[in-house]
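Subject: Structure handover and notes

Hello,

Here is the structure I said I would pass on. Please open it next to this email and look up each residue as you read.

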Amino acid sequence: MSKVVLVTGGARSGKSRFAEGLAEKYAPLRGYLATGEPGDAEMAQRIARHQGRRGPEWQTVEEPLAVAEAIRTHEGRFNVMLLDCVTLWISNLLFRCPGGAVEALAHVENFAGSFASLKTPLIIVTNEVGMGIVPEHPLSRSFRDLAGEANEIIAAAADEVYVTISGLPLRLK
């Protein structure tokens, strides 16, 4: 079994930079599994900013839905893989799975269940979205709850868990 690290935190908390720093401790070639899609100009700028931080030692694999399958496909190709991020993956699943949150959570459970068979170290980035006010809209509440459940499942299966606050990492597990 390979090492699995989860990095969580709020928006703009430094979690992606911290996760990239962890991955850079491994020799190139590093895999970057991106779940975000450039659906609008602002998201395209975010993606470009993340890509700009990484050099040629990184190879990006874009996969908005079949995350576990993408990791299995690229297993052994990289010295480390970084998945960024679970929250966007959950959002993609919630909007595209006919079974909604129940089906999306099944994908997360399948993903976490695959950790024991991994040979390549995996670093996972996710957002901590449940620390604010209760959202007014039912879909927003469903997303918040699903993201929280997904984070719990992944954290329980991970070897190490960090939270970043104001750019500072704190090891939880």
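This is a predicted model: local features need pLDDT of at least 70, side-chain atom pairs count only at pLDDT 80 or more; totals for chains, interfaces and linings use all residues.

Helix 6 with helix 4

Start with helix 4, residues 86–96, and helix 6, residues 138–157. Their axes are 10 Å apart, and the two helices pack at an angle of about 130°. Angles of 65 to 115 degrees count as roughly perpendicular and those over 145 as roughly antiparallel, so helix 4 and helix 6 are oblique to each other. Helix 4 passes helix 6 in a right-handed crossing. On the helix 4 side, the contact is made by V86, T87, I90, S91, L94 and F95. Helix 6 brings L139, S142, F143, L146, A147, A150, N151 and I154 to it. Sorted by type, the residues of this contact are ten nonpolar and four polar, with no charged ones.

Helix 6 with helix 5

Helix 6 also packs with helix 5, at an angle of about 15° and with the axes 9 Å apart. Angles under 35 degrees count as roughly parallel, so that is the word for helix 5 and helix 6. Their crossing is right-handed. From helix 5, the residues that meet helix 6 are A101, A104, L105, V108, E109, F111 and A112. They meet S142, L146, E149, A150, I153, I154 and A157 of helix 6. This contact divides into eleven nonpolar residues, one polar and two charged.

E109 can be looked at by itself. Helix 5, where E109 is found, spans residues 100–113. The relative accessible area of E109 is 46%, so this residue counts as partly exposed. R77 is 32 residues away from E109 along the chain, and the C-alpha atoms of the two are separated by 24 Å.

Is T35 buried or exposed? Its relative accessible area is 0%, and buried means under 20%, so T35 is buried. T35 lies in the loop between strand 2 (30–34) and helix 2 (41–53). Its side chain reaches the backbone oxygen of C85 at 2.7 Å. Leaving aside neighbours within four places in sequence, T35 is in contact with E63, P64, V67, L83, D84, C85, L88, W89 and N92.

Cis peptide bonds

C85 comes up again here, as a cis peptide bond joins D84 and C85, with omega about 5°. C85 lies in the loop between strand 4 (80–84) and helix 4. The peptide bond from P28 to L29 is also listed as cis, with omega near 10°. L29 is found in the loop between helix 1 (15–23) and strand 2.

Positive phi values

Which value does phi take in R12? It is near 60°, a positive value in a residue other than glycine. R12 lies in the loop between strand 1 (4–9) and helix 1. With a relative accessible area of 58%, R12 is exposed. S166 has a positive phi too, near 50°, and is likewise not glycine. The loop that holds S166 runs between strand 6 (160–165) and strand 7 (168–171). S166 is exposed, with a relative accessible area of 69%.

Regards

Key:
Residues are numbered from 1 along each chain as its sequence is written. Side-chain values use heavy atoms; hydrogens and water are left out. Helices (H or I, at least four residues) and strands (E, at least two) are DSSP runs, numbered from the N terminus. Buried means under 20% relative accessible area, exposed over 50%, partly exposed in between (1.4 Å probe, protein chains only). A polar contact is a pair of N or O atoms within 3.5 Å; within protein, one must be able to donate a hydrogen and the other to accept it, and residues adjacent in sequence count only if both atoms are side-chain atoms. Contact means heavy atoms within 4.5 Å. Axes are lines fitted to C-alpha atoms, for helices over the stretch in contact, and angles run from 0 to 180 degrees between N-to-C directions. A crossing is left-handed if the near helix is turned anticlockwise from the far one by less than a right angle, and right-handed if clockwise. Ala, Val, Leu, Ile, Met, Phe, Trp, Tyr, Cys and Pro count as nonpolar, Asp, Glu, Lys and Arg as charged, and the others, Gly among them, as polar.
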